[in-house]
Amino acid sequence: MRYLVTGGAGFIGSAIANRLLNEGNEVYVIDNLQTGHLSNIPKNTVFINEDFSKNETIEKLQNAKFDVIFHIGGQSSGEISFEDPEYDLNTNTLSTLKLLQYCVKTGCKKFVYASTMSVYGEQSNKEQFSEDDVENPKSFYAVGKLASEKYMKIFAQQYDIEYVALRYFNVYGPGQNLENLKQGMVSIYLKQFLDDSFEKVLVKGDLNRFRDLIYIDDVVDITIESSRNDKFKNKILNIGTGKKTTVKQILTLIKDNLQSTKDIVISKGTPGDQFGIYANNQLLLSIYDKPLTSFEQGLKKMIEWVKEN
Ligand SMILES: NC(=O)c1ccc[n+]([C@@H]2O[C@H](COP(=O)([O-])OP(=O)(O)OC[C@H]3O[C@@H](n4cnc5c(N)ncnc54)[C@H](O)[C@@H]3O)[C@@H](O)[C@H]2O)c1
């Protein structure tokens with residue numbers, strides 16, 4: 001089988017590309033290395049080092065026909081979407097349109113997209129969201145991701161291109177970029193605890209905020225399975241564990257695991273940041289039956305990986 005994985009130099013995309021290559025498939029990667037790293041790209045991929053929202057980049061694919069396009073790459077920070085909304089729109093939405101048009105042109109029939117929990121936004125005191133809930137994006141990032149979902153729906157209706165929109169909750173684990181201090185709660189805190197150049201651990205926002213933390217291996221497995229299992233066809237799905245973990249719990253677990261004595265300093269939150277959200281993952285559990293990794297297990301594996309590297 002031949003696959004295109006966008007964002008294959010990033011955290012999630014590189015893990016997906018790796019898994020597909022290990023199965024013996026042919027894998028193309030497009031990535032402009034904006035947040036990804038060359039060293040993450042698995043060997044033996046066809047690598048296009050360009051911006052996937054540009055026509056010239058899509059042309060470099062030379063009409064290669066893919067069995068599935070995994071559009072995983074993107075700008076994944078709410079904060080950056082406020083700093084540069086146009087860049088965010090191109091990267092997260094225009095790219096989706098262009099790749100869907102590429103599907104029509106070349107006869108690719110499956111499109112899997114990395115969407116986000118952020119599409120739900122904040123809704124009074126509601127904490128847990130299911131796919132039936134209305135979306136209320138609070139950042140340009142979330143608007144762009146939601147728009148991509150809508151494009152996919154229309155391409156399915158008009159051109160028969162099957163899609164899966166995976167609304168990832170907070171993904172963490174080995175391979176995450178600890179140098180990116182704008183995205184990834186677990187990695188941001190872990191970096192500050194481990195790096196001696198940080199005297200203290202700075203937390204932007206309240207300690208009672210909470211997230212649904214899902215382990216990278218589970219995300220990779222679900223994402224690939226979603227392209228192969230008909231039960232995922234044309235679905236929008238929450239990809240979370242259905243459990244909430246507070247910032248305080250994350251910090252305590254990391255601190256205990258590392259036996260750190262560093263102080264924690266709390267500052268103002270970032271614009272558009274959600275207070276707390278976790279997944280109703282009943283739809284996922286009804287079609288995917290493998291057990292999901294607990295945060296305690298996942299964090300241990302991540303810390304081992306950080307120490308080894
Ligand atoms: N990590 C999470 O917790 C999480 C949660 C919800 C959604 N997501 C979504 O999952 C996807 C992958 O996230 P990640 O954590 O692996 O992020 P990442 O930053 O590690 O990976 C994204 C990759 O996309 C590349 N990229 C960005 N803009 C590009 C462009 N215009 N052209 C070509 N390449 C470009 C980057 O260089 C990077 O390698 C993103 O779309 C993100 O929005 C992630």
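## Around the ligand

By class, the shell around the ligand is made of 12 nonpolar, 14 polar and four charged residues (Ala, Val, Leu, Ile, Met, Phe, Trp, Tyr, Cys and Pro count as nonpolar, Asp, Glu, Lys and Arg as charged, and the others, Gly among them, as polar). This is a predicted model, so local features need pLDDT of at least 70 and side-chain atom pairs count only at pLDDT 80 or more, while totals for chains, interfaces and linings use all residues. Numbering starts from 1 along each chain as its sequence is written, and side-chain values use heavy atoms, with hydrogens and water left out.

Of the 30 residues around the ligand, the ones that come nearest are Ile12, Asp31, Thr35, Tyr141 and Lys145 (near means that a heavy atom of the residue lies within 4 Å). Which element gives the most to the shell? That's S5, with three residues. At least two residues each come from helix H1 (11–22), helix H4 (85–106), strand S5 (110–116), helix H5 (140–159) and strand S8 (170–172). Helices (H or I, at least four residues) and strands (E, at least two) are DSSP runs, numbered from the N terminus.

## Polar contacts and cover

Now for the polar contacts (pairs of N or O atoms within 3.5 Å). Tyr141 has a side-chain N or O atom 2.8 Å from an oxygen atom of the ligand. Thr91 puts a polar side-chain atom 3.3 Å from a ligand nitrogen atom, and at Gly74 a polar backbone atom sits 3.3 Å from a ligand oxygen atom. On its own the ligand has 820 Å² of accessible area, and the protein covers 97% of that (Shrake-Rupley method, 1.4 Å probe).

## How the helices cross

Two packed helices are described by the angle between their axes and the distance between the axes. The axes here are lines fitted to C-alpha atoms over the stretch in contact, with angles from 0 to 180 degrees between N-to-C directions.

H1 packs on helix H7 (residues 216–226) at about 60 degrees, their axes 10 Å apart. That makes H1 oblique to H7 (under 35 degrees is roughly parallel, over 145 roughly antiparallel, 65 to 115 roughly perpendicular, and the rest oblique). H1 passes H7 in a right-handed crossing, where the near helix is turned clockwise from the far one by less than a right angle.

Helix H6 (residues 185–194) packs against H8 at about 40 degrees, with axes 10 Å apart. H6 and H8 are therefore oblique too, and their crossing is right-handed.

Methods
Polar contact = N/O pair within 3.5 Å; in protein donor to acceptor, adjacent residues only side chain to side chain.
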